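Me: Hi! I'm new to this one, could you walk me through it?

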Amino acid sequence: MPSPKAKNPGRSGGSPVLGSSNGRYEFMSLTKPLNRSSPPHLLQRQGSDPTTARLRASESPTRRRGSGSSTGSASGQGPPEEDGIRLNPSLIRVALSSLLAIDLWLSKQLGVCACEDSSWGSVRPLMKLLEISGHGIPWLAGTAYCLYKSDSAAGQEVMLNLFMGLLLDLILVGIVKALVRRRRPAHNRMDMFATFSVDRYSFPSGHATRAAMCGRFLLAHLVLAAPLRVLVLLWVGLVGLSRVMLGRHNVTDVVFGFWMGYCQYNLVEMLWLSPQTLQGLLGQSA
Ligand SMILES: CC(C)=CCC/C(C)=C/CC/C(C)=C/COP(=O)(O)O
């Protein structure tokens with residue numbers, strides 16, 4: 001099936017055809033054979049142009065097999081499978097851009113505490129309190145204090161692993177933020193305290209990863225009464241919601257952050273430092 005972009009007027013008469021790559025339009029000659037060293041995405045675009053497809057269809061099967069094209073013809077498959085293969089990336093792209101548009105729209109609608117004169121500006125101090133409750137510094141300081149004060153081996157083990165988990169969280173979130181580099185929403189006021197340079201990026205929400213990881217940690221390792229367990233879950237949810245209401249994040253940053261924090265807890269469990277491991281480590285360094 002021809003792609004909508006192939007319906008441009010320049011396709012007849014051997015004139016250059018416009019192809020799009022990452023939103024930038026590039027000329028492709030119909031008279032020149034396909035350059036085998038072309039990037040795969042260009043080959044895909046060229047192949048989806050109806051005129052090019054006609055030219056390719058007129059080639060003998062032997063030539064098509066030898067063309068080295070990445071469209072699946074190398075295996076001698078017919079056009080229906082080729083079309084299916086070429087359609088999928090466009091469908092994924094359309095689905096992703098729709099999701100992104102919904103995300104941006106929803107995040108803007110929910111960013112009702114982004115500044116004092118926003119519609120819910122009066123709730124902003126409460127949201128900032130939730131922000132502090134999920135910040136790295138109070139969590140690291142509190143865990144270090146409990147580790148220092150704990151007089152049981154079991155307590156020290158739990159606190160030490162929570163501390164390691166918090167450090168791991170900072171590192172992993174920093175790496176993902178530096179790789180993805182998604183800007184914070186335009187309506188955010190950058191008035192957060194104690195941030196790293198990567199914290200100018202929003203994906204994923206570090207508060208959401210920490211809340212999810214610590215929430216799971218607390219529920220698994222601290223014997224809490226049912227009302228307290230509900231309170232922990234409520235706190236996790238409210239920390240996430242407050243990120244979007246403050247305009248710090250888009251919804252997808254928080255949703256991904258929750259998922260990442262949930263997985264990080266599994267990693268903490270896998271890397272769990274037992275007193276024996278610790279003694280071994282300390283013994284080696286001594
Ligand atoms: C000991 C040590 C390295 C402490 C650093 C703690 C620190 C500055 C954490 C940053 C927490 C933060 C502002 C994360 C950003 O959260 P988002 O939800 O806005 O991504």
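This is a predicted model: local features need pLDDT of at least 70, side-chain atom pairs count only at pLDDT 80 or more; totals for chains, interfaces and linings use all residues.

Me: How many of the residues count as buried?
Reply: The protein has 286 residues, and 36% of them count as buried.

Me: Let's talk helices. How do α6 and α7 cross?
Reply: Helix α6 covers residues 136–149, and its axis comes within 9 Å of the axis of α7, with a crossing angle of roughly 160°. The crossing is left-handed.

Me: So are they roughly parallel or antiparallel?
Reply: Roughly antiparallel. The reason is the angle: anything over 145 degrees counts that way, and α6 and α7 cross at roughly 160°.

Me: Switching to charges now. How many salt bridges does the structure hold?
Reply: There are 12 salt bridges in the structure.

Me: Where do Arg182 and Asp103 lie?
Reply: Arg182 is in the loop between α7 and α8, while Asp103 belongs to helix α4 (residues 79–110), so this pair ties together parts that are 79 residues apart in sequence.

Me: Are those two buried or exposed?
Reply: Arg182 and Asp103 are both buried.

Me: What does Arg243 pair up with?
Reply: Its side chain meets that of Glu131 in a salt bridge, at 2.6 Å from N to O. Arg243 sits in helix α9 (residues 226–245) and Glu131 in helix α5, so to speak distant parts of the chain, 112 residues apart, that the pair links. Arg243 and Glu131 are both buried.

Me: And which residue does Lys177 meet?
Reply: Lys177 forms a salt bridge with Asp199, with 3.0 Å between N and O. Lys177 is part of helix α7 and Asp199 is in the loop between α7 and α8, so parts 22 residues apart in sequence are tied together by this pair. Both Lys177 and Asp199 are buried.

Me: New topic: which residues form the nonpolar patch on the surface?
Reply: Leu126, Leu129, Ile132, Ile137 and Phe193 form it, and together they have about 470 Å² of accessible area.

Me: Which helix gives the most to that patch?
Reply: Helix α5, residues 124–133, which gives three residues to the patch.

Me: Where is Phe193 found?
Reply: Phe193 is in the loop between α7 (153–180) and α8 (206–221).

Me: Why does Phe193 count as partly exposed?
Reply: Because its relative accessible area is 37%, and partly exposed covers values between the 20% limit for buried and the 50% limit for exposed.

Me: One last residue. Where does Leu100 lie?
Reply: Leu100 lies in helix α4. With a relative accessibility of 44%, Leu100 counts as partly exposed.

Me: How far is Leu100 from Val251, going by C-alpha atoms?
Reply: Those C-alpha atoms are separated by 9.8 Å, although Leu100 and Val251 are 151 residues apart along the chain.

Technical notes:
Residues are numbered from 1 along each chain as its sequence is written. Side-chain values use heavy atoms; hydrogens and water are left out. Patches are made of residues with over 30% relative accessible area and no salt bridge: like charges are joined within 9 Å, nonpolar side chains (Val, Leu, Ile, Met, Phe, Trp, Tyr) within 5 Å. Accessible areas come from the Shrake-Rupley method with a 1.4 Å probe; for residues, only the protein chains shown count as cover. A salt bridge is a side-chain nitrogen of Lys or Arg within 4 Å of a carboxyl oxygen of Asp or Glu. Helices (H or I, at least four residues) and strands (E, at least two) are DSSP runs, numbered from the N terminus. Buried means under 20% relative accessible area, exposed over 50%, partly exposed in between (1.4 Å probe, protein chains only). Axes are lines fitted to C-alpha atoms, for helices over the stretch in contact, and angles run from 0 to 180 degrees between N-to-C directions. Angles under 35 degrees count as roughly parallel, over 145 as roughly antiparallel, 65 to 115 as roughly perpendicular and the rest as oblique. A crossing is left-handed if the near helix is turned anticlockwise from the far one by less than a right angle, and right-handed if clockwise.
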